Amino acid sequence: MSTLVIASQLDEDFNQVIRQRLALTHPGTEVLEVPAGVPSDLPATASVLLARPINVRGYLAPDTPPPGWPYGLKWVQVVSSGIDFYPRWLFDGPVVSTSRGSAAENIAEFALAAIFAAAKRLPDIWVHDAQWNFTALTPLKGSTLGILGFGAIGRSLATKAHALGINVLALRQSQTPFEIEGVEAARDIHELFSRADHLVLAAPLTEATRHIVDSTVLASAKPGLHLINIARGGLLDQEALLAALDSGLIGLASLDVTEPEPLPDGHPFYTHPGVRLSPHTSAISSNIRYEIADSFLANLERFLAGLAPENLANVQRGY
């Protein structure tokens, strides 16, 4: 039996976790480190590629694959949930699966932390001298959380919010019933924005969802809405958001993602008092190497058993 060879674009500490686990289940498997970016000149013996995002930080992959693609690959797993970080040709060769759901809990916790920070005015209420001024803080119980997109992140967030007594209103692209108790379906995106106190964007970025949150949608917002984007910057018309913030229609925007990433020096989001900006970090945890290993190795077992991997990439859906 030939040796299984996995080409990995991950860092050494990630690869080491995978090697240690494979040593227990599939001894002799090789995990080879290959450069990040467009996969090229892969060893002919490699049948599996574990791929990092390619189209990031201003880089765009060529529209055509490198010579020899897909080499000897039979399966590709990307370490992100969305597939907009990769060139289209990556999905025209071997079967491609995503790591959808592997970071859902981390991202849901981050979104919930942003909601708490806004409602409890953190860190603004910290005191640094003897001038103590008491401030009435906003309760979360009884407030309404809107969720645009209802995949693994939306489900995790809805469960956590419901346990806190927060009303949950959600909108998804399919007509599939919500799997979480207590989630109400919004009729459309305008109702979602008009009723939410806090609203989380958790939808994939596709041609259909690019700038889905535009000036018309923002005009529907409940005055003072707290908008949270933990999905993709391209979902949001950033110029329209700035106008809505300046007018006071949107009270606060907590943005973990932007377009582009990073934003150029001098961008208004860096200094706007109504924006809380973080560097696309909501999915990253101290356990991320283990979470990625869990997702990949579960699919590896399916691959070795001749089964289709879970979370097959779908270009139309965007994940």
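Over how many bridges do strand 11 (residues 250-255) and strand 12 pair? Strand 11 and strand 12 pair in the parallel sense over three bridges, and within this pair serine 254 has arginine 276 of strand 12 as its bridge partner. Two strands are taken to pair if DSSP finds at least two bridges between them. Helices (H or I, at least four residues) and strands (E, at least two) are DSSP runs, numbered from the N terminus. The model is predicted: local features need pLDDT of at least 70, side-chain atom pairs count only at pLDDT 80 or more, and totals for chains, interfaces and linings use all residues. Residues are numbered from 1 along each chain as its sequence is written, and side-chain values use heavy atoms, with hydrogens and water left out.

In general, strands of a sheet pair through backbone hydrogen bonds, either parallel or antiparallel.

Contact here means heavy atoms within 4.5 Å.

A further open sheet has five strands in the order 2-1-3-4-5, with parallel pairing. Its edge strands, strand 2 (30-33) and strand 5 (95-97), each pair on one side only. Strand 1 (residues 5-8) pairs with strand 3 (residues 48-51) in the parallel sense over three bridges, and leucine 50 of strand 3 is the bridge partner of serine 8.

Helix 1 (residues 12-25) lies across strands 1, 2 and 3, at about 175° to strand 2. Helix 7 (residues 288-304) lies across strand 1, strand 3, strand 4 (75-78) and strand 5, at about 165° to strand 4. The side chains of arginine 21 and aspartate 294 meet in a salt bridge (2.4 Å, N to O). Arginine 21 lies in helix 1 and aspartate 294 in helix 7, so this pair ties together parts that are 273 residues apart in sequence. A salt bridge is defined as a side-chain nitrogen of Lys or Arg within 4 Å of a carboxyl oxygen of Asp or Glu, and by this rule the count comes to 14 salt bridges.

Several backbone features lie in loops. Most residues other than glycine have a negative phi, and most peptide bonds are trans. Aspartate 41, which is not a glycine, has a positive phi of about 55° and lies in the loop between strand 2 and strand 3. Tryptophan 69 and proline 70 are joined by a cis peptide bond with omega of about 10°, and proline 70 is placed in the loop between strand 3 and strand 4. The peptide bond from glutamate 261 to proline 262 is cis as well, with omega near -10°; proline 262 lies in the loop between strand 11 and strand 12.

Note on methods:
Axes fitted to C-alpha atoms, helices over the stretch in contact; angles between N-to-C directions.
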